[in-house]
Amino acid sequence: MLTLINLNGTEHRKELRRLCKQQKGLKRAQFGSAVEYHPHSKLPPTVHHFSDFSRSCSSEDQVPHNNSPWEPFQTRLDFEVAEIALEAAMTEEQTNRLLDLDIFTLQSHDEVRSLWEMASERYMPFRKDVVSVKHQDETHEFDMHYCPLWDWALDLLTSQLLSDAKPLAFILYADKSKLSSFGTEKGYLIIARIANLPVHIHNSNTALGGGRVIGWLPIVPKDQNHTKKKSFVDFKNAVWHNSFYQLLQSIELHSKTGYWFECGDQIRCRLWPLILILSGDYKEQCVMALIRGVKGKFPCPVCLVPQDEQSVNRVFVLRTSCNSQQVLCTVRGKHTEKEKEEALKAYSVRNVENIFWKFFLADVHRALSIDRLHMNHEGLWGDHLWEDLLFWISDLGRDTATKLDAKYVILHKCDFDALPRWPNLTHFKTVMSVDFNDGSLHEDISKDILRQSQSKLGYLLLRCIHYYIEFDIYASFKVHTEETIAAERAALNKFSDLMEEYIPESQPETSKNWNFLKKHMITHVFNDILAKGATRNYNTKPNEKMHGGLRKIYLRRTNFKDVAPQFDELDNYSRNATDDPETNKTLDELLADPIVHVHLGSKQGRHSFSDIMDAHGTDRAFTDFRTKLNVFLNVFLPQNGIPLPDGPGRALHLRADDEVNYESMVDWCLHRDLLRCSPKFYGSLRFDCVIMKTTDKPFFTHLMYLFGCSIGDTDLALALIHPYDVGIGVCRRQDVDLGLWCAVLARDPETDGDHLVIHTIDADMFLCIKSLQA
């Protein structure tokens, strides 16, 4: 059955919206959030009901304005052409040829360069210091390029991005990056972000408020005479910490005494710098915590989990900076090197002074954070669960592996190429024969739907993967409540229980060792969320994205010699952007009206009924289209007080895309989905599915046609839909085991006409389906 629905309502929709909000407020009044203050504040706990809770933007008079953000360039046109020349890495000759067009006030490449240098003087420049570290009675010197962390922070404070701030929390990330294609040239970058800023600002790469490369750590060259020797490994760790201290030295005193500063809003605040989050992959975390890595007796940088108990689902005694200092102090009191080494091995630590001990309230083991990109997507899933899954598929034979990529799947309910597209979700044509080196792609694969395998152990593994995916989705939430954390714990416990059943049964065939650190590290996610908020605050993904831009700069804008100073100079130039840090939009981009629920786009002009029938005459969905529309309008228009048209015909405005604003169940903010309804979307059919909310109950429906209809002076946004509202009866056991639902709907090849809901495409859809199941 095909049905016509109204998408946007009429001029009465404001009154309907008011009544809906009133009903929603009555429903939510019993819920809320409890705020428990620190005991030192001596404030009683408070409860804020949803009916009183809202998120609002600053009023216009509170937002600082700059009427000429392109200064010191004379005009905006001058700045934009200079910015284009910089981004395109134009040579001096190309820039001069462009300026010869005589439509700019700029005269030459030299003038553009001098203006960039003048603009960059507003920001603290990089410094170059020499770090000296001894190794076997020989002193080695290394260049350290950096911007003092405190100076960089004060630059942001004067910009009015932060106001009335007291604790000033830093997020620090470090990692090596291959700058050249063959990896012969590397950079060891440090990226800083300020956690006080809204997450959409500090996780961005905008010039103002986003992440910034503030240091280049020296890379100790390999020495074949000392490689893998304990003394040489300790030496490299000492170089790292001594160099990192150059960056942090500017906040050492302020972390203990505070710092009075007049911010951009002319309010004096006493700022307390705090290293809240240290972000990095496991290798970097070992260097930061100065532990011995995966081969040590206690390989976790956060707790003292024994080497042979990493697959156990529990948190062990936590490491602390205080205990690590005591261990090192005791070790250095030993008389012989053998005694020292045995004492160090007992706690899996190194005989190196940790520079983070110098800073007040900076416990390095608490600052280290779980990283979903490396621990989950590239680690537990990409290197282990996914590899075992491929093993069981290959074990069923070549034909099965071919079916997975082609037509009928053992793992999935439909082939990967037939899965519907979805915004921000990678679409795969094949997966069996592709090697992935991107954790985001592994994350997207894990979101696809599952089905029963012909292998008993393969099916058990699919059940494990089902709960892994649930756990990872909960971990990705932007906002957490006690209920979501409890649900996340339950998913992890179920995953661990099933893995304890799967591991001993599968090891005789797979010979896989599941006693590895990344399986253990996920147990720390709950403490991280409670202490430092949602995982997106310390995910390495925003920092990893900056590596690609650095490679482009190296390739296009440097002479490949002594590149660190060149990076610093170009970075200062690029910080003079005209993007709005609150929206990450350019000067000309305007925010969409958040009130309109549905907006139809991609106008295709006016069409008559005969035009529509000629174009879709062979499509059964359009059978009696004119009659269906006539019946619908004759009922809908009088119900909503819209006069029936006087003319003999109706004109339809056809559009292909549908922008829908909705309130997310994850963070209760307004979000936008772009729905597609097109016979030629990049050469393929694209007719999206949605959840339709009615007075009776919600149901899934397939968009067949989106169009606008002009009735007198009223414009209606309408859709021809195919509702999936027939009950499916009793769910199959495999659907219950794997959490399948019969929105992105994928065809079920086992039952003609049935579809499965891919509810793991994003967190909001995940919660929507959970609410329907409840």
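A: **The nonpolar core and its rings**

Leaving aside neighbours within four places in sequence, Leu248 is in contact (heavy atoms within 4.5 Å) with Leu149, Leu172, Ile275, Ile355, Phe356 and Phe359. This is a predicted model, in which local features need pLDDT of at least 70 and side-chain atom pairs count only at pLDDT 80 or more, while totals for chains, interfaces and linings use all residues. Residues are numbered from 1 along each chain as its sequence is written, and side-chain values use heavy atoms, with hydrogens and water left out.

Leu248 is also among the residues with the most contacts inside the largest nonpolar core, which has 123 residues, and Phe244, Phe356, Leu385, Phe495 and Tyr502 are listed with it. Such a core is a set of buried Ala, Val, Leu, Ile, Met, Phe, Trp, Tyr and Cys residues joined through side-chain atoms within 4.5 Å, where buried means under 20% relative accessible area, exposed over 50% and partly exposed in between, with a 1.4 Å probe and protein chains only. Apart from this core lies another, of 19 residues, including Ile612 and Tyr705.

Phe495 also belongs to one aromatic cluster with Trp381, Trp386 and Tyr468; rings of Phe, Tyr and Trp (its six-membered ring) pair if their centres lie within 6.5 Å, planes under 30 degrees apart counting as stacked, over 60 as edge-to-face and the rest as tilted. The count comes to 24 aromatic pairs. Phe73 and Phe79 form an edge-to-face pair, 5.7 Å centre to centre with 70° between the planes; Phe73 is buried at 2% relative accessible area, and Phe79 is buried at 1%.
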